Amino acid sequence: MSPGLCRHFTAGLFIAMLVSACSGPGLSSLPSPSQAPELSWDPVPVPSLPGVQLNDLVVAPEGLVAVGGPFHGSVGPAIGIVGVILMSVDGVEWTVVEDPDLEGATEITAVAARSEFGYVAVGSAAGHAMAWRSPDGRDWVPGEPAADFSHAALLDVASAPDGFVAVGFIDEGGVTRIAWWRSPDGISWQAADPP
């Protein structure tokens, strides 16, 4: 299974995670459906994060990184909850990443990995779209926002042959349109023309 398909986990007391579903160091690959007709999930204890949902998970040589923000359940977003990043080297032991450059993140929606740059996460901070980059999943630096990040939302990010691509939408006076951005390094972002 590709790392990008390991996503949408909810945090509480546990992360439900099939470690073998994501390839990486020390992690086995998922067998073909004919070889594994039934898969089991094991709860994995994580730091207590009441009101947080995890939005994405990626595997890279340095380990696994999960990102999230306020729970968007039927009662609406949790008040006072901010963006969160969790790191694990084995998928069993998880720690919350505490980095001053993540302060102000209101939600982190997605994360991607690329060997020469490490990790890139996207989300929002201070009411506008934002991206962060990390060489190891622990130390993060904010990216340079594109001009239209002030009225945009970044919903997903993926590595590309020439860097990273992020997708989301732009709010133009109450009318939204889909949009995407490109970055050669996860730091500098520019709006991209639609296909």
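Predicted model: local features only at pLDDT ≥ 70, side-chain atom pairs only at ≥ 80, totals over all residues.
I take two strands as paired if DSSP finds at least two bridges between them. Helices (H or I, at least four residues) and strands (E, at least two) are DSSP runs, numbered from the N terminus.

Residues are numbered from 1 along each chain as its sequence is written, and side-chain values use heavy atoms, with hydrogens and water left out.

**Hairpins.** I looked up E10 and E11: they form a hairpin with two residues between them, and Ala126 in the turn has a positive phi of about 50°. The two strands run antiparallel and are joined by seven bridges; Val122 stands opposite Ala131 in E11. E11 then runs antiparallel to strand E12 (residues 141-142), with two bridges, and Arg133 stands opposite Val141 in E12. This second hairpin has six residues between the strands, and Gly137 takes a positive phi near 85°. Five of the seven residues of E11 are buried, so E11 is largely enclosed by the rest of the structure. Buried means under 20% relative accessible area, exposed over 50%, and partly exposed in between (1.4 Å probe, protein chains only).

**Open sheet.** I found four strands in the order E3-E4-E7-E8, paired antiparallel. E3 (52-60) and E8 (95-96) are at the edges with a single partner strand each, so one side of each has no neighbour in the sheet. E7 (residues 84-88) and E8 pair over two bridges, and Met87 has Thr95 as its bridge partner in E8.

**Cores.** A nonpolar core is a set of buried Ala, Val, Leu, Ile, Met, Phe, Trp, Tyr and Cys residues joined through side-chain atoms within 4.5 Å. The largest has 18 residues; Val65, Ile85, Ile108, Val111, Tyr119, Trp132 and Trp140 touch the most other members. E3, E4 (63-70), E7, E9 (105-114), E10 (118-125) and E11 (128-134) each give two or more residues to this core, and E9 gives the most, with four. Apart from this core lies another, of 17 residues, among them Ala112, Phe149, Ala166 and Trp181.

I also listed contacts (heavy atoms within 4.5 Å) for Ile85. Not counting residues up to four places away in sequence, Ile85 touches Val65, Ala66, Val67, Thr95, Val96, Val97, Leu102, Ile108, Gly137 and Trp140.
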